[in-house]
Amino acid sequence: MKLWRFLAPHMLGFTARTVSQAVVDKLRGAPSRPVQVADYVARHASPGDPQDVLRTIDRFARTERWLMNVGPDKGPLIQELAKRLPEAARVLEIGAYCGYSSIMLASTLGPGAHVTSIEIDEDAVRSSRANVEVAGLSDRVDFVHGPSTEMIETLEGRFDLVFLDHWKDLYKQDLQRIEQRGLIGPGSIVVADNVGDLFDPREYLDYVRSCGHYDSEHREATIEYTDLPDAVEISVYRG
Ligand SMILES: C[S@@+](CC[C@H](N)C(=O)[O-])C[C@H]1O[C@@H](n2cnc3c(N)ncnc32)[C@H](O)[C@@H]1O
């Protein structure tokens with residue numbers, strides 16, 4: 001990612017706000033963002049109500065600290081895709097953060113479906129597990145703690161949907177690993193978040209659009225909790 005893009009005039013408000021929030025947290029010795037979210041959810045969300053947990057996390061992102069969840073703008077796009085999946089769908093997510101998209105996916109899919117989410121950061125895994133538990137969805141979501149590149153090697157079987165939402169420069173190589181391990185088959189849907197220009201997604205987009213294995217569609221969107229431009233790439237695997 002090219003950090004200078006965050007200094008473009010239209011980005012300055014967002015950059016100033018997020019940097020100042022991070023500096024204030026650092027100076028106060030505040031816990032990590034995922035830990036703050038889990039604490040907020042535990043205090044404010046209604047147990048057993050996934051939509052209320054999502055609304056509570058959205059409220060934290062708007063009133064307390066910005067969060068890099070897929071958020072309420074791009075979320076419905078992911079839900080629309082999840083609704084097309086079979087009842088016993090298997091979903092692979094890379095990048096859990098606070099468990100927001102895991103909750104969104106698991107609650108959209110039926111009780112027979114399952115979400116496996118890989119997350120490298122220990123606090124994020126703990127926060128995601130806690131938030132999923134408050135949502136009452138622990139039996140439908142598993143978190144795998146570790147770096148995607150290594151954890152992909154431990155997975156078995158076919159996934160109907162893969163949601164790429166970790167560090168953007170790993171999207172292409174991790175998708176290729178997923179293909180090589182046979183974790184997707186014809187008809188599997190691969191969704192990549194944050195493929196707007198800001199995130200410098202050219203390498204990934206060139207791959208899914210020209211490797212000959214995908215039918216790929218670009219959807220314009222906005223960066224979570226802002227009106228700044230972003231996009232999502234939806235690629236259906238042909239095999
Ligand atoms: C954008 S956030 C995920 C947001 C989440 N999907 C949602 O919408 O609620 C990105 C997450 O990816 C994780 N991450 C980054 N690189 C990773 C890697 N190589 N393996 C696993 N997780 C990674 C980060 O720790 C962070 O929590």
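Reader: Leaving aside its neighbours within four places in sequence, which residues is alanine 130 in contact with?
Author: With that exclusion, alanine 130 is in contact with Ala38 and Ala42. Two residues are in contact if their C-beta atoms, placed from the backbone, lie within 7 Å. Before we go on, this is a predicted model, where local features need pLDDT of at least 70, side-chain atom pairs count only at pLDDT 80 or more, and totals for chains, interfaces and linings use all residues. Residues are numbered from 1 along each chain as its sequence is written.

Reader: Why is alanine 130 called buried?
Author: A residue is buried if 20 or more other C-beta atoms lie within 10 Å of its own, exposed if 12 or fewer, and partly exposed in between, with C-beta atoms placed from the backbone. Alanine 130 has 20 C-beta neighbours inside 10 Å, so it counts as buried. You will find alanine 130 in helix 6; helices are DSSP runs of H or I with at least four residues, strands are runs of E with at least two, and both are numbered from the N terminus.

Reader: And what makes glutamine 180 exposed?
Author: Glutamine 180 has 10 C-beta neighbours inside 10 Å, so it counts as exposed. Glutamine 180 belongs to helix 8, residues 171–180.

Reader: Why are helix 2 and helix 3 called oblique to each other?
Author: Helix 2 (residues 33–44) and helix 3 (residues 50–63) pack at about 125°, and their axes are 10 Å apart. Axes are lines fitted to C-alpha atoms, for helices over the stretch in contact, and angles run from 0 to 180 degrees between N-to-C directions. Angles under 35 degrees count as roughly parallel, over 145 as roughly antiparallel, 65 to 115 as roughly perpendicular and the rest as oblique. Helix 2 and helix 3 are therefore oblique.

Reader: Which residues make that contact between helix 2 and helix 3?
Author: Helix 2 brings Val37, Tyr40, Val41 and His44, while helix 3 brings Val53, Thr56, Ile57 and Phe60. By class, this contact has 6 nonpolar, 2 polar and no charged residues. Here Ala, Val, Leu, Ile, Met, Phe, Trp, Tyr, Cys and Pro count as nonpolar, Asp, Glu, Lys and Arg as charged, and the others, Gly among them, as polar.

Reader: How do the residues where helix 5 meets helix 6 divide by class?
Author: Ser102, Ile103 and Ser107 in helix 5 meet Ser128, Asn131, Val132 and Ala135 in helix 6. They divide into 3 nonpolar, 4 polar and no charged.
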